[in-house]
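Here are a few friendly notes to read beside the structure. Take them one at a time and find each residue as you go.

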Amino acid sequence: MNISLCINGQSRAFDAEPRTLLVHLLRDEAGLTGTHIACETSVCGACTVLLDGKAVKSCTVLAVQAEGSEITTIEGLAPGGKLHPLQEQFWEKHGLQCGYCTPGMILAAWQLLERRPDPSEEEIRHGIEGNLCRCTGYQHIVDAIQAAAAQMGGKR
Amino acid sequence: MIPAPFGYKRPGTLAEALALLREHGEDARLLSGGHSLLPLLKARLARPGVLIDIARIPGLSGITETAGGLRIGALTTHHEVEASPLVREACPLLAEAAGRIGDVQVRNRGTIGGSAAHADPASDYPAALLALEAALVASSPDGTRSIPAAGFFTGPYESALKPGEILTAVEVPSPPRGSGEAYLKAAQQASGFAVCGVAALVVPGPGGTIASARVGVTGVAAPAYRARKTEEALAGKPASPDALRRAAALAAEGVEPLDDFYASADFRRQLARVYAERALAEALRRAKG
């Protein structure tokens, strides 16, 4: 089937089977390997991308379901190489060790700050409940999101 | 994990979707958010030949006020229910249950109609829909009918929907004036599904009594159920901690609890009692405001 998507601001067209998962289309067809695959069962959140501005687990979305939609992957957060405040603060506050969960974690955090620009620590922990990190124990991730919220001053 | 091949149809109207469903019969499955169906497809627990994607059909999503309560389109996502000022004001129990489903990403995609039609015995909505005495509206080529929640959930992954019917809306009557409500659950750690979820709705009576209570229980047995014995034990009784505990002790009476890897039947029975007591106490506290 023909599938048209706007990925990170660029219109792209693909020919894919209906059963193609969005995460595979992004990685294998669009070449955007920043979106990671881990559990493949909508639990771990590593494959999180923004679909029309909403954080979704791209292992549990068919590419055809996204037809005509705008997708933002981790690559799209840093246009021209200028890091998003979330990326800067994950770096600054050591919000990652191995980095496998980081793209999904950052996009989940993006969704959180979009809905709650000045979240409490509890709200941050609730906002990343769909993302698993096996390295950091989460504290540095929470710190990074808090710092990014402060840096963004209530703006997206 | 990639699903087995299937055909894909995206009808533009409800009538087209119903016609496709009639044409393909049992070989077809409806797709909306896909958060119940896609995991089944990946695990080969379902092998439909055709998916009918109803996600973009106009008129099947959104929350509107009706004369007696709220009408929630089947395609309304859990996040939309959770965040809706209308639902939070008129029917906070439903917003609370929606907010406990899965996680942020799941709630962005999953829909109330999809969840109800899938009828997972560990899903959150059934407890709230039972306690709220909601009705589920189904369309077929013959017309529409309204199915009370009490008769909708018929077994594990089984509902009263007939072949060829599409669930189009959920109608939630306004809770009685002055009532308090709460949904509490013990979640399975990895998946977030309810090992036990209790939705309680308490209407206070005069002189520190309970006029009536409704208790919906999910996760404990299949299907989700109303804990009628608990409700009967509370009607007209003083709203004392002792009375709540005695009534909550009956929350798993007359049901056969599920028994699996995550929780034994005995443990689920115990969870039902404990969570019923806590949910009733919290509902009562909120009623007092």
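1. Start with helix H1 (residues 22-29) of chain A, whose buried residues are A:Leu22, A:Val23, A:His24, A:Leu25 and A:Leu26. Buried means under 20% relative accessible area, exposed over 50%, and partly exposed in between (1.4 Å probe, protein chains only). Helices (H or I, at least four residues) and strands (E, at least two) are DSSP runs, numbered from the N terminus.

2. Before going on, please note that this is a predicted model, in which local features need pLDDT of at least 70, side-chain atom pairs count only at pLDDT 80 or more, and totals for chains, interfaces and linings use all residues. Residues are numbered from 1 along each chain as its sequence is written, chains are lettered from A and ligands numbered from 1 in the order in which they are written, and side-chain values use heavy atoms, with hydrogens and water left out.

3. What covers the buried residues of H1(A)? The cover includes strand S1 (2-7), strand S2 (10-15), strand S3 (48-51) and S5 of chain A. Just after H1(A), A:Gly31 has a positive phi of about 75 degrees.

4. Now look at A:Thr73, in the loop between strand S5 (70-72) and H2 of chain A. A:Thr73 counts as buried because its relative accessibility is 0%. Leaving aside neighbours within four places in sequence, A:Thr73 is in contact (heavy atoms within 4.5 Å) with A:Ile7, A:Asn8, A:Leu26, A:Leu32, A:Thr35, A:Val49 and A:Leu107.

5. Next, find helix H2 (residues 85-92) and helix H5 (residues 139-152) of chain A, whose axes come within 8 Å and cross at roughly 135 degrees. Axes are lines fitted to C-alpha atoms, for helices over the stretch in contact, and angles run from 0 to 180 degrees between N-to-C directions. Residues that meet here include A:Leu86 and A:Phe90 in H2(A), and A:Ile141 and A:Ala148 in H5(A).

6. Finally, turn to chain B. The largest nonpolar core has 38 residues, and B:Leu94, B:Tyr125, B:Leu129, B:Leu132, B:Leu136 and B:Val172 touch the most other members. Such a core is a set of buried Ala, Val, Leu, Ile, Met, Phe, Trp, Tyr and Cys residues joined through side-chain atoms within 4.5 Å. Its largest share, 6 residues, comes from H8(B). Apart from this core lies another, of 32 residues, among them A:Phe14, A:Leu21, A:Val61 and B:Leu51.
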